[in-house]
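Hello,

Here is the structure I promised to pass on. Please have a look at it first, and then read my notes below.

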Amino acid sequence: MEVFEKLESEVRSYVRGFPVVFDRAEGHELFDVDGNRYLDFFAGAGVLNYGHNNPALKKPLLEYIERGAITHSLDMASSAKRDFLARFHEVILKPRGLDYKVQFPGPTGTNAVEAALKLARKVTGRHNIAAFTNAFHGMTLGALAVTGNAFKRQGGGIPLGWGGTATLPFDGYLGEGVDTLDYFERLLDDTSSGLDKPAAVIVEPVQAEGGVNVASAAWLGRLREITQKHGILLIADEIQIGCGRSGNFFAFEESGIEPDMVALSKSLSGYGLPFAVTLLKPELDKWAPGEHNGTFRGHNLAMVTATAALEHFWAKKDFEAEVQKKAELVRGRLESYAKKDSRLSVRGRGLMQGLVFPQDDQASEVSKEAFSRGLVIETAGATDNVVKFLMPLTTTEQALSEGLDIVEKSADAVLGR
Ligand SMILES: *Cc1c(COP(=O)(O)O)cnc(C)c1O
């Protein structure tokens with residue numbers, strides 16, 4: 001570990017929670033340089049929905065490299081990009097009745113968000129963007145301005161309000177029985193509310209970093225109605241909950257809404273290669289050529305594995321049902337565990353589930369205990385009180401129960417049971 005402590009910036013973070021040198025990985029398993037095995041219930045923060053080094057993705061990737069195909073192409077046309085665009089349309093958008101154009105904004109999530117915010121402001125001519133409490137949208141200044149966490153925000157080093165942002169209460173923020181959208185609607189209807197009419201609202205259908213907070217289908221539906229009525233664009237940030245994590249390809253599908261723009265990244269390449277897209281309703285596509293660009297928009301290796309993931313998992317009918325079945329198993333186990341202790345609760349959707357602890361930092365203690373027992377699992381929420389289950393969607397049922405056993409033992413230790 002000395003080399004990291006000596007040579008790498010203090011900004012490093014996950015390495016502190018999981019202080020070993022990882023070397024190999026396969027499916028839902030990680031191995032360190034000493035050959036120790038760890039179960040991976042973190043999956044690269046939701047980047048590895050199909051597990052590590054999935055052979056169905058690795059094979060076409062190796063063949064693509066071996067035949068001397070294009071690796072980097074800016075935004076020039078390549079066969080890999082042609083195939084990705086065509087298959088994404090055929091396999092994902094068309095069967096869902098969704099009509100979007102695809103923008104390649106640069107390969108990270110925050111870039112997909114920046115592109116959406118810029119386009120919303122350009123198209124509407126308005127500056128304000130409304131975002132929700134506990135939101136996480138990325139680390140560049142535009143995305144940071146719509147992110148909730150105070151620690152991350154102060155890292156920006158300049159006032160973020162210049163970006164023109166407003167914060168609204170997320171679903172459930174004001175406790176049970178309060179529909180937080182009443183507040184938004186009232187602000188919009190009152191010309192003296194002080195709210196500059198937003199260009200767009202950006203929302204995560206399930207807030208991941210913010211604590212595994214689930215927006216109900218009804219709440220999302222009403223948000224869509226309000227935004228439509230007032231001519232405000234709706235941007236769904238599906239970077240972490242998208243690509244199947246919720247049990248559907250897009251988490252918004254359950255609610256039946258159609259956002260105006262969608263940001264996708266993390267598991268889009270399926271292999272851990274950086275890749276992002278911003279999906280836009282065709283009528284919003286008012287970009288001038290090159291108005292938003294980026295050197296690594298043509299990351300063809302990521303397009304190859306993304307297309308392979310579409311073929312291997314999404315072109316088949318039963319993948320969503322498989323994920324949903326595993327999600328029920330995980331959810332059931334967590335709920336019966338939480339039942340034993342009234343201080344605990346469970347929330348989440350699909351294979352993003354949160355076990356909520358009563359005290360700050362307790363989830364970090366559980367994560368630490370779990371790691372000492374051979375499980376990598378992370379926390380969420382502003383006070384690190386939520387253990388976040390984010391295992392690969394391909395984790396076997398046997399490995400799911402192995403990992404859940406470890407979490408239960410770890411939680412028992414932290415709760416002193
Ligand atoms: C990770 C994440 C981002 C930012 O993605 P980066 O690739 O880290 O820039 C944005 N929104 C959500 C919901 C995320 O989980």
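Let me start with Gln 207, which touches Phe 132, Thr 133, Asn 134, Ala 135, Phe 170, Val 212 and Asn 213, leaving aside residues up to four places away in sequence; contact here means heavy atoms within 4.5 Å. Before going further: this is a predicted model, in which local features need pLDDT of at least 70 and side-chain atom pairs count only at pLDDT 80 or more, while totals for chains, interfaces and linings use all residues. Residues are numbered from 1 along each chain as its sequence is written, and side-chain values use heavy atoms, with hydrogens and water left out.

Back to Gln 207, which is found in strand 8 (residues 206-207). Helices (H or I, at least four residues) and strands (E, at least two) are DSSP runs, numbered from the N terminus. Gln 207 counts as buried, with 1% relative accessibility; buried means under 20% relative accessible area, exposed over 50%, and partly exposed in between (1.4 Å probe, protein chains only). A polar atom of the Gln 207 side chain lies 2.8 Å from the backbone oxygen of Thr 133.

Next, the salt bridges, where a side-chain nitrogen of Lys or Arg sits within 4 Å of a carboxyl oxygen of Asp or Glu. By this rule the count comes to 28. Here are some of them:

- Lys 281 and Glu 258 meet at 2.4 Å, N to O. The pair links distant parts of the chain, 23 residues apart: Lys 281 is in the loop between strand 12 (277-280) and helix 11 (300-314), and Glu 258 is in the loop between strand 10 (233-237) and strand 11 (261-264). Lys 281 is buried at 10% relative accessibility, whereas Glu 258 is partly exposed at 32%.
- Arg 16 and Glu 10 meet at 3.4 Å, N to O. Arg 16 is partly exposed at 45% relative accessibility, and Glu 10 is exposed at 59%.
- Glu 335 and Arg 331 meet at 2.7 Å, N to O. They are four residues apart in helix 12 (residues 319-339), so about one helical turn separates them.
- Asp 179, Asp 182, Glu 185 and Arg 222 are linked in a network of salt bridges.

Helix 12 deserves a paragraph of its own. Helix 12 has 21 residues and reaches 30 Å from its first C-alpha to its last, close to the expected 30 Å (the expected span is 1.5 Å times one less than the number of residues). Its buried residues are Phe 319, Glu 320, Val 323, Lys 326, Ala 327, Val 330, Leu 334, Tyr 337 and Ala 338. Seen down the axis of helix 12, these fall within an arc of 130 degrees, so they line one face of the helix; the arc is that of the directions from the helix axis to the C-beta atoms. The face turned away from the buried side carries the exposed residues Lys 325, Glu 328 and Lys 339. What covers the buried residues includes helix 11, strand 13 (345-349), strand 14 (352-356), strand 17 (386-389) and helix 14 (397-415).

Finally, a sheet: four strands form an open sheet in the order 1-2-3-15, with mixed pairing. Strand 1 (22-26) and strand 15 (375-376) stand at the edges with a single partner strand each, so one side of each has no neighbour in the sheet. Strand 1 pairs with strand 2 (residues 29-32) in the antiparallel sense over four bridges; two strands pair if DSSP finds at least two bridges between them. The bridge partner of Ala 25 in strand 2 is Leu 30.

Best wishes

Note on methods: A polar contact is a pair of N or O atoms within 3.5 Å; within protein, one must be able to donate a hydrogen and the other to accept it, and residues adjacent in sequence count only if both atoms are side-chain atoms.
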